[in-house]
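Please look through the sequence and the model shown here before reading on.

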Amino acid sequence: MGNHRADRRGSGRRPSVASSTQVTAGKRKAARHAGSRGPLFRTLPPAPVLAGVATLAVAVGGAVSSGGAADVLTTAASPATAPVHANALSGSSKVSQASLLVGRSAVVSRDSSRDTLADATDEKLVQQAEAQAKQRNVALAKFAKQAEAQSAKIVENAWVLPTVGYHLTATFGEYGLWSSMHTGLDFAAPPGTPIYAVAGGVVTSVGYDGAYGNKTVITLDDGTELWFCHQTSFLVSVGQEVRSGEQIGTVGSTGHTTGPHLHLEVRPGGGDPVDPYAALVAHGVTP
């Protein structure tokens, strides 16, 4: 009877693939899900769509794998420098920015060094110019002082006429009244007429000298001697310094004379006499 019921229950239903699943003895039979599997499979995309999705997944996976391998190779080749990708918006990277900052710093540093060097060079040039200007000013002051002294000396030694109110009577080189050639230039003037130093110098002789009468000798810096003869009186003494134009005596007729006059002689280096007229003209004075 039990088998008959089983046959009737079995004969009342349509056999299915799921119900034919056999189980081993001692285990529970598998649950029947024939009624719920149909909708699940019906919602899956068609086979061509699935194939396209699979292909896209494989392509993306390969690209990711390739990028990872390249990064690994790059890292292995350059372990000290990590790759930095450029910013997609700015097109710059931290490396380029760092390099730009370093470059600008280097440029600023070089410019600052050049400016410092230029300033130091300019300061050195200014100091040298100031030192040279100071030396030049000292030299100019020295030259000016020397020129002033020389000018004063020229003025002091400028030759002048030995007397005033005169007329010339005998010239250098004449013969006649003298035992030998006339060695000077005669300025005839009244007795007591002032006699002036023709140039500045030192009085080296004052006194009576035979035919020359009362004579005063003035020695110039170059050793030239000026003789003033036939004086009436003396107004200077030996060793006295006199300036050009300073009065040293008066006109007289002492010694060998024919009347009051001044006998002037010029003896370079204290030697033989030269023409006083020519000497006076050479020093800018015309008797």
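## Two salt bridges

Glutamate 265 and arginine 267 are both buried, where buried means under 20% relative accessible area, exposed means over 50%, and partly exposed lies in between, as judged with a 1.4 Å probe on protein chains only. These two residues form a salt bridge with each other, and their closest N and O atoms are 2.9 Å apart. The term salt bridge is used here for a side-chain nitrogen of Lys or Arg that lies within 4 Å of a carboxyl oxygen of Asp or Glu. Side chains of opposite charge can pair when their charged atoms come close.

The structure holds 2 salt bridges, and another pairing to look at joins aspartate 209 to lysine 215, with the closest N and O atoms 2.6 Å apart. Aspartate 209 is partly exposed, at a relative accessible area of 31%, whereas lysine 215 is buried, at 8%.

## How far the model can be read

This is a predicted model, in which local features need a pLDDT of at least 70 and side-chain atom pairs count only at pLDDT 80 or more, while totals for chains, interfaces and linings use all residues. Residues are numbered from 1 along each chain as its sequence is written, and side-chain values use heavy atoms, with hydrogens and water left out.

The pLDDT, which is the predictor's confidence in each residue on a scale from 0 to 100, averages 75 over the protein, and 61% of the residues score at least 70. Over residues 1–27 the pLDDT is below 50, and this stretch has 5 contacts in the model beyond near neighbours in sequence, a contact being heavy atoms within 4.5 Å. Residues 63–82 also have a pLDDT below 50, and that stretch has 1 contact beyond near neighbours in sequence. Where pLDDT is low, the predicted coordinates should not be read in detail.

## The overall fold

The protein has 5 helices and 9 strands, which are DSSP runs numbered from the N terminus, with helices (H or I) of at least four residues and strands (E) of at least two. Along the sequence these elements follow the pattern α-α-α-α-β-β-β-β-β-β-β-β-β-α.

Of the 287 residues in the protein, 20% are buried. Among the contacts with a separation of 6 or more, 57% are between residues 24 or more positions apart.

## The largest pocket

The lining divides into 8 nonpolar, 12 polar and 2 charged residues, where Ala, Val, Leu, Ile, Met, Phe, Trp, Tyr, Cys and Pro count as nonpolar, Asp, Glu, Lys and Arg as charged, and the others, Gly among them, as polar.

Histidine 230, found in strand β6, is buried at 4% relative accessibility. The phi angle of histidine 230 is near 70°, a positive value in a residue other than glycine.

Glutamine 231 is also found in strand β6 (residues 225–234), and is buried with a relative accessible area of 0%. Leaving out residues up to four places away in sequence, glutamine 231 touches several residues, including Ile195, Asn214, Lys215 and Thr254.

Glycine 207 is found in strand β4 (residues 201–208) and is partly exposed, with a relative accessible area of 21%. Not counting residues up to four places away in sequence, glycine 207 touches Gly213, Asn214, Lys215 and Phe234.

Glycine 165 lies in the loop between α4 (94–157) and β1 (167–168), and counts as exposed at 64% relative accessibility. Apart from neighbours within four places in sequence, glycine 165 is in contact with Ala188, Ala189 and Pro190.
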